[in-house]
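Here's a quick briefing to read alongside the model. Have the sequence and the 3D view open as you go.

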Amino acid sequence: MALVSVHKWEEPCISGKNGAGTVFFSNCNMRCIFCQNYAISALGYGITVDTGRLAEIFLEQQARGVECLELVTPTQYAAVIAAALKTARAAGLKLTVVCNTNAYETIEMIKMLAPYVDVFLPDMKYWDETIARKYSQAPNYAATATAAIRAMYEAAGPAVMAGNMLKKGVLVRHLILPWQYKDSIKIVEWLWKTFGDNIYLS
């Protein structure tokens, strides 16, 4: 685990007034050259915590009064996180649980976390294979990400709002890269054709 914080600048429907209770996990299965968390994602900055301590951290975030528990890049620790969420729920965790991911995920990982995750927050980065390899060393990115987002939707269902806060569903984020707007258009077209207005796009 790399960082525990209160993040007040996520999408408004996630962070709300009190911020998202983020838990950043060390390492990443992609190597984006524009990553803003390089020390965490590429260099593996962080400490080792066991399942029990991780469950305590989740409850500590709840005690801070945050709007949600946001798990950032949880991929490689899915089994431990699922066990910690189960323990924390039994001990009184009631926060909306958000899974923040790069969408370059296996179906198995999504199924492992699905019983404990309310909102999936995938960053869908690319449609074009060449760009995905060039900027993130991520072969077969689009095929992997689209399958993963479909699985996330199957698990979480259509978006459910409570006031201005997203309580259940899928929120897809996309960063438009310089000179790659045509790639972004293809992503938006796929999302609309596949899900209509049942998911959110930021």
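**Helix contacts, cores and one histidine**

Thr146, Ile149, Arg150 and Tyr153 in α7 meet Trp190, Thr194 and Phe195 in α8, where a contact means heavy atoms within 4.5 Å. Bear in mind that this is a predicted model, in which local features need pLDDT of at least 70 and side-chain atom pairs count only at pLDDT 80 or more, while totals for chains, interfaces and linings use all residues. Residues are numbered from 1 along each chain as its sequence is written, and side-chain values use heavy atoms, with hydrogens and water left out.

**α7 and α8**
- α7 and α8 (residues 181-195) pack at an angle of about 35°, with axes 12 Å apart; axes are lines fitted to C-alpha atoms, for helices over the stretch in contact, and angles run from 0 to 180 degrees between N-to-C directions.
- Helices (H or I, at least four residues) and strands (E, at least two) are DSSP runs, numbered from the N terminus.

**α3 and α4**
- Helix α3 (residues 51-63) packs on helix α4 (residues 78-90) at about 55°, with the axes 8 Å apart.
- That makes α3 oblique to α4 (under 35 degrees is roughly parallel, over 145 roughly antiparallel, 65 to 115 roughly perpendicular, and the rest oblique).
- On the α3 side the contact uses Thr51, Leu54, Ala55, Phe58 and Leu59, and among their partners in α4 are Val80, Ile81 and Leu85.
- This contact has 10 nonpolar, 2 polar and no charged residues.

**The cores**
- The largest nonpolar core has 52 residues, and Phe58, Leu69, Leu85 and Tyr141 touch the most other members; such a core is a set of buried Ala, Val, Leu, Ile, Met, Phe, Trp, Tyr and Cys residues joined through side-chain atoms within 4.5 Å.
- Helix α7 (residues 141-156) gives the most to this core, with 7 residues.
- A second, separate core of 9 residues includes Cys13, Ile14, Ala20 and Leu166.
- Leaving aside neighbours within four places in sequence, Tyr141 is in contact with residues including Met30, Tyr104, Met124 and Tyr126.

**His7**
- His7 sits in strand β1 (residues 3-7).
- With a relative accessible area of 21%, His7 is partly exposed (buried is under 20%, exposed over 50%, partly exposed in between, using a 1.4 Å probe and protein chains only).
- Not counting residues up to four places away in sequence, His7 touches Ser15, Gly19, Ala20 and Thr22.

Technical notes: Nonpolar A, V, L, I, M, F, W, Y, C, P; charged D, E, K, R; others polar.
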